[in-house]
Amino acid sequence: ALMCVARHGRKRVPERCEIIRLLLKDSQMEIDAGDKLGQTALMIACYEGSVEMTRLLLEGGADSSVRDR
């Protein structure tokens, strides 16, 4: 779910950031889960250039040392 929200990060940023905040409150959310290429929500937010989403993910505990495949 986090990866879907992080994609297209420059569109509707306030709404997407609020969704990320809500998802991060879920204790079952695996913040560093990767897609089929191993890309995490943090990687996608960085690629999309969304500073706010990147900040939220890092503050939420995303691991910046995770690598894709």
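**View 1. Pro14 lies in helix H2.** The model is predicted: local features require pLDDT of at least 70 and side-chain atom pairs count only at pLDDT 80 or more, while totals for chains, interfaces and linings use all residues. Residues are numbered from 1 along each chain as its sequence is written, and side-chain values use heavy atoms, with hydrogens and water left out. Helix H2 spans residues 13-24; helices here are DSSP runs (H or I, at least four residues), numbered from the N terminus as are strands (E, at least two). Pro14 is exposed, its relative accessible area being 61% (exposed means over 50%, buried under 20% and partly exposed in between, for a 1.4 Å probe and protein chains only). Between the C-alpha atoms of Pro14 and Cys4, which are 10 residues apart along the chain, the separation is 15 Å.

**View 2. Ile19 also belongs to helix H2.** With a relative accessible area of 39%, Ile19 is partly exposed. Its C-alpha atom is 8.5 Å from that of Leu2, a residue 17 positions away in sequence.

**View 3. Helix H2 meets helix H4.** The two axes come within 10 Å and cross at roughly 10°; axes are lines fitted to C-alpha atoms, for helices over the stretch in contact, and angles between N-to-C directions run from 0 to 180 degrees. H2 and H4 are therefore roughly parallel to each other (under 35 degrees; over 145 is roughly antiparallel, 65 to 115 roughly perpendicular and the rest oblique). H2 contributes Val13, Arg16, Cys17, Ile20, Arg21 and Leu24, and H4 contributes Glu52, Met53, Arg55, Leu56 and Leu57, contact being defined as heavy atoms within 4.5 Å. By class, the residues of this contact are seven nonpolar, four charged and no polar. The nonpolar class holds Ala, Val, Leu, Ile, Met, Phe, Trp, Tyr, Cys and Pro, the charged class Asp, Glu, Lys and Arg, and the polar class the others, Gly among them.

**View 4. Helix H3 packs in an antiparallel sense against helix H4.** The axes of H3 (residues 41-48) and H4 (residues 51-59) come within 8 Å, with a crossing angle of roughly 155°. That angle makes H3 roughly antiparallel to H4. The crossing is left-handed, that is, the near helix is turned anticlockwise from the far one by less than a right angle, whereas clockwise would be right-handed. On the H3 side the contact involves Ala41, Leu42, Ala45 and Cys46, and on the H4 side Met53, Thr54, Leu57 and Leu58. These residues comprise seven nonpolar, one polar and no charged.

**View 5. Leu2 is a member of the largest nonpolar core.** Such a core is a set of buried Ala, Val, Leu, Ile, Met, Phe, Trp, Tyr and Cys residues joined through side-chain atoms within 4.5 Å. The largest one has 16 residues, of which Leu2, Ile20, Ala41 and Leu57 touch the most other members. Helix H1 (2-6), H2, H3 and H4 each give two or more residues to this core. Beyond its neighbours within four places in sequence, Leu2 contacts Ile20, Leu23, Leu24, Met29, Ile31, Ala41 and Leu57.

**View 6. Thr40 occupies the loop between H2 and H3.** Thr40 is buried, at a relative accessible area of 1%. Apart from neighbours within four places in sequence, its contacts are Met3, Asp32, Ala33, Gly34 and Val66.

**View 7. Gly34 is located in the loop between H2 and H3.** A relative accessibility of 42% places Gly34 in the partly exposed category. With neighbours within four places in sequence set aside, Gly34 contacts Met3, Gln39 and Thr40. The C-alpha atoms of Gly34 and His8 are 17 Å apart in space, and the residues are 26 apart in sequence.

**View 8. Leu37 sits in the loop between H2 and H3.** Its contacts, excluding neighbours within four places in sequence, are Asp68 and Arg69. From Leu37 to Arg69, 32 residues apart in sequence, the C-alpha to C-alpha distance is 5.8 Å.
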